[in-house]
Amino acid sequence: MNTTTLQQARSPSYWRFGLWALLISSLAIAACGDSANKTDSKILIKFPHVTAPGTPKGKAANRFRDLVHERLGDRVTVEVYPSGQLMNDDDSIDALAFGEVQMIAVSLSKFDRLTKKFQVFDLPFMFRDLTAVERFQKSPAGTVLLDAMTDNGLQGIAFWHNGMKHFSGPEPMTTPEAADGLKFRIMESDVLQAQILQVGGNPQKMAFGEVYQALQTGAVDAQENTWSNIYSSKFYEVQDHITQSNHGYVGYLVIVNSEFWSSLPSDIRTELRAIMDETSDWANERAAAINLEALEKVEASGRTNVVTLTPEQVELWRIAMQPVWAQFEDNIGSDIVAAAQAASQQ
Ligand code: LMR
């Protein structure tokens, strides 16, 4: 497994931990590979993620676990750890590379240190809705993105949707000027950082599990997320206004450790892939409805004011954030940007 890029991207303090992790994980990988190759011992897939069980990702992970139990229960066990109870997203990428966990589903925004290709998903107003995202992900240009991190020993096996993002903050964000001077929590993404800077905001990269408290204490003023995350993580209880802006996308890459995956007996790997494909279709069909239901619950709570941008207001935001595209197009690859745009406009 090649973890060079991963290790180079880490801070010096990481090295101290890294040496221990490397030692422990080498043993873990050896153990994994060994057990994975023995058809008579049970294979364990630890699958941590950061959202609540009722979110699109939470439901998809549980569905995958249940189908595996139903069809391969005597040979494979999937253990799902939701709500960041095992680790945050950043740590889970390292844990996967080191073989401490076997499957993760991390937001496409959080892979900047490994590949720039997924930055296409963060370009503001790239996709109108989940149908447009899906067209791109299923196109030849989208499908090859599953292999974007094979040099790092990580293999993408599916894309899962969450939903479209909306802004929340101390005031309705009907025009880009409303963002001026506000501290925004963002995911660990350089595109999202540039997007907030573009409208005069102050972006703060922060792990998902820290957002509620940061909003509650005023460490940050505002954030962007999907309805299912805003509802399940209770952000609506600590934000006075939520503006339905649809300005970006949150979705996930489901990834496995390539070495672990190729060490599986081939009949099991084939069945796991089939179950993953079935799970992904099931989950992606339901993601929009789960977010709509979350929006309705937030509105019914009466705890926050929900406003929806008019088409004219959307256009103001789109124009204000458009320069971000030119900043990242070369990094991403203009062919990928063009393919996403073509899929989006169909
Ligand atoms: C976030 O950090 O806001 C999201 O990536 C959380 C998630 O996994 O949906």
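Trainee: Hey, which cavity does the ligand take up?
Mentor: The ligand's space is the largest cavity. Keep in mind that this is a predicted model.

Trainee: OK, and which residues are around the ligand?
Mentor: There's a list of them: Val50, Thr51, Lys57, Ser107, Lys110, Asn162, Arg185, Met187, Phe208, Asn225, Asn229 and Tyr252.

Trainee: What does arginine 185 do there, in terms of distance to the ligand?
Mentor: Arginine 185 has a polar side-chain atom 2.8 Å from an oxygen atom of the ligand. Asparagine 225 has a side-chain N or O atom that is 2.8 Å from a ligand oxygen. Then there's asparagine 229, with a polar side-chain atom 2.9 Å from an oxygen atom of the ligand.

Trainee: And how much of the ligand does the protein bury?
Mentor: 100% of it: on its own the ligand exposes 270 Å², and the protein buries that.

Trainee: Let's zoom out. How many helices and strands does the protein chain have?
Mentor: The protein chain has 14 helices and nine strands. It has 346 residues, and 55% of them are buried. As for its surface, the chain exposes about 14400 Å², with carbon and sulfur atoms supplying 50% of that.

Trainee: What about contacts between residues at least 6 apart in sequence, how many join residues at least 24 apart?
Mentor: Of those contacts in the protein chain, 76% join residues at least 24 apart.

Trainee: New topic: phenylalanine 47. Where does it lie?
Mentor: Phenylalanine 47 is part of strand E1, which covers residues 43-48.

Trainee: Buried or exposed? Why does phenylalanine 47 count that way?
Mentor: Phenylalanine 47 counts as buried because its relative accessibility is 0%, and the cut-off for buried is under 20%.

Trainee: Now helix H4. Why is it largely enclosed by the rest of the structure?
Mentor: Because seven of the nine residues of H4 (residues 89-97) are buried. Those are Asp89, Ser92, Ile93, Asp94, Ala95, Leu96 and Ala97.

Trainee: What caps the N-terminal end of H4?
Mentor: That's asparagine 88, which has a side-chain oxygen 3.2 Å from the backbone nitrogen of aspartate 90. Just after the helix, glycine 99 takes a positive phi of about 80°.

Trainee: Last one: which helix is serine 344 found in?
Mentor: Serine 344 is in helix H14, residues 334-345. Serine 344 is buried too, at 4% relative accessible area.

Trainee: What does the side chain of serine 344 reach?
Mentor: The backbone oxygen of methionine 126, at 2.8 Å. Besides Met126, serine 344 touches Phe127, Arg128, Ala132 and Arg135, with residues up to four places away in sequence not counted.

Technical notes:
Residues are numbered from 1 along each chain as its sequence is written. This is a predicted model: local features need pLDDT of at least 70, side-chain atom pairs count only at pLDDT 80 or more; totals for chains, interfaces and linings use all residues. Side-chain values use heavy atoms; hydrogens and water are left out. Helices (H or I, at least four residues) and strands (E, at least two) are DSSP runs, numbered from the N terminus. Buried means under 20% relative accessible area, exposed over 50%, partly exposed in between (1.4 Å probe, protein chains only). A polar contact is a pair of N or O atoms within 3.5 Å; within protein, one must be able to donate a hydrogen and the other to accept it, and residues adjacent in sequence count only if both atoms are side-chain atoms. Contact means heavy atoms within 4.5 Å. A residue is near a molecule or strand if one of its heavy atoms lies within 4 Å of it. Accessible areas come from the Shrake-Rupley method with a 1.4 Å probe; for residues, only the protein chains shown count as cover. On a 1 Å grid over the protein atoms alone, a cavity is a set of points where a 1.4 Å probe fits but cannot get out, and a pocket is an open set with protein on both sides within 12 Å along at least five of seven lines; lining residues have an atom within 4 Å of a point. A molecule sits in a cavity or pocket if more than half of its atoms lie within 2 Å of its grid points.
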